[in-house]
Amino acid sequence: MEFRQLGGSGLKVPALSLGTATFGGGTDFFRAWGAVGPDEARRFVDIALDRGLCLFDSADTYSAGLAEEV
(Lines give C-alpha, C1' and ligand atoms only; values in the text may rest on other atoms or scores of the structure.)
Protein backbone atom coordinates (compact mmCIF):
# COMPACT_ATOMS: atom_id res chain seq x y z
CA MET A 1 0.00 0.00 0.00
CA GLU A 2 1.30 3.43 -0.91
CA PHE A 3 1.30 5.96 1.94
CA ARG A 4 1.27 9.74 1.60
CA GLN A 5 1.96 12.66 3.88
CA LEU A 6 -1.23 14.19 5.31
CA GLY A 7 -0.62 17.90 4.90
CA GLY A 8 1.76 19.27 7.51
CA SER A 9 0.49 16.96 10.26
CA GLY A 10 3.41 14.55 10.17
CA LEU A 11 0.96 11.68 9.65
CA LYS A 12 1.20 9.26 6.76
CA VAL A 13 -2.01 7.76 5.46
CA PRO A 14 -2.76 5.20 2.75
CA ALA A 15 -3.38 6.52 -0.74
CA LEU A 16 -6.71 4.65 -0.70
CA SER A 17 -9.46 4.42 1.87
CA LEU A 18 -12.71 2.51 2.18
CA GLY A 19 -15.75 4.74 2.40
CA THR A 20 -18.65 3.43 4.46
CA ALA A 21 -21.44 5.71 3.26
CA THR A 22 -23.17 2.73 1.62
CA PHE A 23 -23.24 0.77 4.89
CA GLY A 24 -26.76 0.62 6.28
CA GLY A 25 -28.82 2.59 3.79
CA GLY A 26 -30.76 4.13 6.65
CA THR A 27 -32.08 7.20 4.81
CA ASP A 28 -33.46 7.75 1.30
CA PHE A 29 -30.35 9.74 0.37
CA PHE A 30 -27.90 6.99 1.37
CA ARG A 31 -30.19 4.15 0.25
CA ALA A 32 -29.90 5.59 -3.29
CA TRP A 33 -26.14 4.82 -3.07
CA GLY A 34 -26.57 1.41 -1.50
CA ALA A 35 -27.75 -0.47 1.55
CA VAL A 36 -24.86 -2.73 2.52
CA GLY A 37 -25.78 -4.95 5.46
CA PRO A 38 -23.50 -6.26 8.21
CA ASP A 39 -22.39 -9.43 6.40
CA GLU A 40 -21.50 -7.60 3.19
CA ALA A 41 -19.81 -4.81 5.14
CA ARG A 42 -17.69 -7.32 7.05
CA ARG A 43 -16.61 -8.85 3.74
CA PHE A 44 -15.65 -5.42 2.34
CA VAL A 45 -13.66 -4.58 5.47
CA ASP A 46 -11.93 -7.98 5.47
CA ILE A 47 -10.96 -7.60 1.80
CA ALA A 48 -9.65 -4.09 2.45
CA LEU A 49 -7.59 -5.22 5.46
CA ASP A 50 -6.21 -8.20 3.53
CA ARG A 51 -4.95 -5.78 0.92
CA GLY A 52 -3.23 -3.53 3.45
CA LEU A 53 -5.87 -0.83 3.69
CA CYS A 54 -6.07 0.75 7.12
CA LEU A 55 -8.03 3.97 6.54
CA PHE A 56 -11.81 3.86 6.74
CA ASP A 57 -14.05 6.85 6.09
CA SER A 58 -17.06 6.83 8.39
CA ALA A 59 -19.23 9.51 9.93
CA ASP A 60 -22.23 9.58 12.22
CA THR A 61 -24.14 11.38 9.47
CA TYR A 62 -23.91 8.40 7.10
CA SER A 63 -27.38 6.81 7.13
CA ALA A 64 -28.21 8.72 10.33
CA GLY A 65 -25.55 6.78 12.24
CA LEU A 66 -26.49 3.36 10.89
CA ALA A 67 -23.25 3.09 8.85
CA GLU A 68 -21.19 3.23 12.03
CA GLU A 69 -23.41 0.62 13.70
CA VAL A 70 -22.96 -1.71 10.72
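Colleague: Let us take buried as under 20% relative accessible area, exposed as over 50%, and partly exposed as in between (1.4 Å probe, protein chains only). Is aspartate 39 buried or exposed?

Modeller: Aspartate 39 is exposed, because its relative accessible area is 61%. Please note that this is a predicted model, in which local features need pLDDT of at least 70 and side-chain atom pairs count only at pLDDT 80 or more, while totals for chains, interfaces and linings use all residues. Residues are numbered from 1 along each chain as its sequence is written, and side-chain values use heavy atoms, with hydrogens and water left out.

Colleague: Which side chain meets aspartate 39 in a salt bridge?

Modeller: Arginine 42 does, at 3.4 Å from N to O. A salt bridge here is a side-chain nitrogen of Lys or Arg within 4 Å of a carboxyl oxygen of Asp or Glu. Both residues lie in helix α2 (residues 38-50), three residues apart, about one turn of the helix. Helices (H or I, at least four residues) and strands (E, at least two) are DSSP runs, numbered from the N terminus.

Colleague: How many salt bridges are there by this rule?

Modeller: Three. Within helix α1 (residues 28-31), arginine 31 and aspartate 28 are likewise three residues apart, and their side chains meet at 2.7 Å, N to O. Aspartate 28 is exposed at 61%, whereas arginine 31 is partly exposed at 43%. Glutamate 2 also pairs with arginine 4, with their closest N and O atoms 3.0 Å apart.

Colleague: And how accessible is glutamate 2?

Modeller: Glutamate 2 counts as partly exposed because its relative accessible area is 46%. Arginine 4 is partly exposed too, at 47%.

Colleague: Changing topic, what is the order of the elements from the N terminus on?

Modeller: They run β-β-β-α-α-β-α, which comprises three helices and four strands. The C-alpha atoms fill a box of roughly 35 × 25 × 20 Å along the principal axes. Of the 70 residues, 24% are buried.

Colleague: Which residues form a nonpolar patch on the surface?

Modeller: Met1, Phe3 and Leu16 form one, with about 300 Å² of accessible area together. Areas come from the Shrake-Rupley method with a 1.4 Å probe; for residues, only the protein chains shown count as cover. Patches are made of residues with over 30% relative accessible area and no salt bridge; like charges are joined within 9 Å, and nonpolar side chains (Val, Leu, Ile, Met, Phe, Trp, Tyr) within 5 Å.

Colleague: Where is leucine 16 found?

Modeller: Leucine 16 is in the loop between β2 (12-14) and β3 (18-19). Its relative accessibility is 53%, so leucine 16 counts as exposed.
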